[in-house]
Amino acid sequence: SCRTTAVFQLESRGMKDLIRRLQPDRFEDIVALVALFRPGPLQSGMVDDFIARKHGRTDQPIDYLHPNLKPVLAGTYGVILYQEQVMQIAQVLAGYTLGGADLLRRAMGKKKPEEMAKQRSVFTEGAVQRGVPEPRARHIFDLMEKFAGYGFNKSHSAAYALLSYQTAWLKAHYPAQFMAAVLSADMDRTDKVVTLIDECVSLGLQVEAPDVNSSRYAFTVSGTHKIRYGLGAVKGVGRSAIEAIMAARSAGGAFTSIEDVCRRLDLNRVNKRVLEALIRSGSLDSLGHTRNTLMSRLGAAMQLGEQNTRAQAVGQVDLFGLAAGAAVPTAASSGAELPEWPEATRLAGERDTLGLYLTGHPIAQYEPELSFLTSGRIGDLASGRPAGAAEGGRWQPGRNVTIAGLVLEVRRRANRVILALDDRSGRIEVMLFEEIFQQHRAIIAKDAILLIEGQLRYDEYSEGWRLNAKRLLDIDMAREQQARRLILQWPAPIDASDPVRRLIDILKPFVGGNCSIQIGYRGGGASGSLLLSEQWLVRPAQELIEKLRHFVGPENLRVVYGARGTGDEASVGRGFN
């Protein structure tokens, strides 16, 4: 199935393509994979011959060259793949000794004309003496000479293949333990961690956020199909700080508050920068407060911790009459709970400290609207059919579609630019020719969320869809262009002393657009709907959407797309106007 990410020697894109074509079903095939995946065999046509013969294609029958060579070449379907096979052919057909066969192998590898002429003569004479027709002997020598330059040491390939088999077996049977181990091995390489966590998701494994109360330095298995993020993979948190955290946790149990953390840790080893990274990464979420609250209380908590450290250092009784070593009061812990950061801020903190979005995805806030802005989700491409499409609605090469996604990567190749786009349901590569890129370069950047219209093409090499982009639009701009109405379902009671004044204050900065406001109310035995006048037409900017969601609750705001006054507002808007 080519799911060989993190499997020794077998995880590159090119190797996965070779696995897909070869479909190995025995250990000898894995040995052959390692030997075949090199420039010489790939360029010589040997790989294609090997695959065709393994699958019994009639246009490429297995040829052992001579009946006596079947035991030598059976494992590679008649293809001379290994250096040892060159030596064995010389022994079986021409009577070479092992030492002489090794000299032949080396001569073929170095391609010295004088030595090769001598060896050709010795081989032909020996083969003829053993009943091999001279033309056949010369033909076999020519093939040996041709493939000797590509031949790989089988003992080397077999040793690699054994490790490949063992790691594949562990991944298949103990996926959580295996992936925790490989994540730990590559935890200093953020790009690799991102790839491996994607692989965990595809394997049905849940990667839990780092936790100051349960994480260790490395990634660990935390339950069936669960992996706990290692603190060592949090940027800005060094080994010394983690050792201090684990020692304090071991000595005094779980931390209970940010003040408790600062009181029990050596703040010379776990400084403010480290604690901020822990908060932003979600490592202190288990303390039961929002990250916003934890960050706001951090300064006071560190002051209390430093006060406690000084008191213990001098061994004196403080103003409260506490003996040295006793806990300093944690008055700061009584502060009011602050609302969580906006999702964009929270996720940006995770990206900066972990290198990825762990507890959400920036496109999540747009998901209720994507069905009106796009032709379908990227993940639908894998199934070959847009969600809800009829039998004739399959994706087809050349079809124009509109998709939306987060830009994970921007890379240049000659006269084109490649974007890696992710919408949480899947990923796709988008190609932009230079002219298209220059037209839209102002909005193309890593972490931008874009709406892209283009032409589908199917890449046989990777067995996946690609998109040739024609037009791009920032998703917030797309919403502003196409959203026609914001419907607020007025909750009862609403959390505001003067809700009407509060709503006015929210809407005023965005007045002047084309999007109407409709307010629905149900409660107290009555219900109604109010469409605000045209003086309250607004720009449905992301900032306005976020404020309204916070005001009435995310479940009480709906964005309607389409042309105002058509009566068909939710059924159009797929693509660009």
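Trainee: How many salt bridges does the count come to?

Mentor: The count comes to 43 salt bridges. The rule asks for a side-chain nitrogen of Lys or Arg within 4 Å of a carboxyl oxygen of Asp or Glu. This is a predicted model, where local features need pLDDT of at least 70, side-chain atom pairs count only at pLDDT 80 or more, and totals for chains, interfaces and linings use all residues. Residues are numbered from 1 along each chain as its sequence is written, and side-chain values use heavy atoms, with hydrogens and water left out.

Trainee: What makes aspartate 198 and arginine 427 a salt bridge?

Mentor: Their closest N and O atoms are 2.7 Å apart. The limit is 4 Å, so the pair counts. The partners come from distant parts of the chain, 229 residues apart. Aspartate 198 sits in helix H12 (residues 190-202) and arginine 427 in strand E6 (residues 427-433). Helices (H or I, at least four residues) and strands (E, at least two) are DSSP runs, numbered from the N terminus.

Trainee: Why is aspartate 198 called partly exposed?

Mentor: Its relative accessible area is 30%. Buried means under 20%, exposed over 50%, and partly exposed lies in between (1.4 Å probe, protein chains only). So aspartate 198 is partly exposed. Arginine 427, at 46%, is partly exposed by that rule.

Trainee: Which parts does the pair of arginine 269 and glutamate 243 tie together?

Mentor: Arginine 269 lies in the loop between helix H14 (258-264) and helix H15 (272-281), and glutamate 243 in helix H13 (residues 239-252), so the pair ties together parts 26 residues apart in sequence. The closest N and O atoms of this salt bridge are 4.0 Å apart.

Trainee: Is glutamate 350 buried or exposed?

Mentor: Buried: its relative accessible area is 0%, which falls under the cut-off. Arginine 346, at 15%, also counts as buried. The side chains of these two residues meet in a salt bridge (3.6 Å, N to O). They are 4 residues apart in helix H17 (residues 343-354), so about one helical turn separates them.

Trainee: How do you know that strands E9 and E12 pair?

Mentor: Pairing needs at least two bridges found by DSSP. Strand E9 (residues 483-490) and E12 have 5, in the antiparallel sense, so they pair. One of the bridges sets arginine 485 against valine 560 in E12.

Trainee: What is the order of the open sheet of 4 strands?

Mentor: The order is E11-E10-E9-E12, with mixed pairing. Strand E11 (526-531) and strand E12 (557-561) are the edge strands, as each pairs on one side only. Helix H21 (residues 475-482) lies across E9 and E12, at about 90° to E9. Helix H23 (residues 542-552) lies across E9 and E12 too, but at about 15° to E9. These angles run from 0 to 180 degrees between N-to-C directions, with axes fitted to C-alpha atoms, for helices over the stretch in contact. Contact means heavy atoms within 4.5 Å.

Trainee: Which residues make the nonpolar surface patch?

Mentor: Phe27, Leu162, Tyr165, Trp169, Leu170 and Tyr174 make this patch of about 570 Å². Patch residues need over 30% relative accessible area and no salt bridge; like charges are joined within 9 Å, nonpolar side chains (Val, Leu, Ile, Met, Phe, Trp, Tyr) within 5 Å. Leucine 162 is at 42%, so it passes the area cut-off. Helix H10 (residues 154-173) gives the largest share of the patch, 4 residues.

Methods. Areas by Shrake-Rupley, 256 points an atom, 1.4 Å probe, with all protein chains shown as cover.
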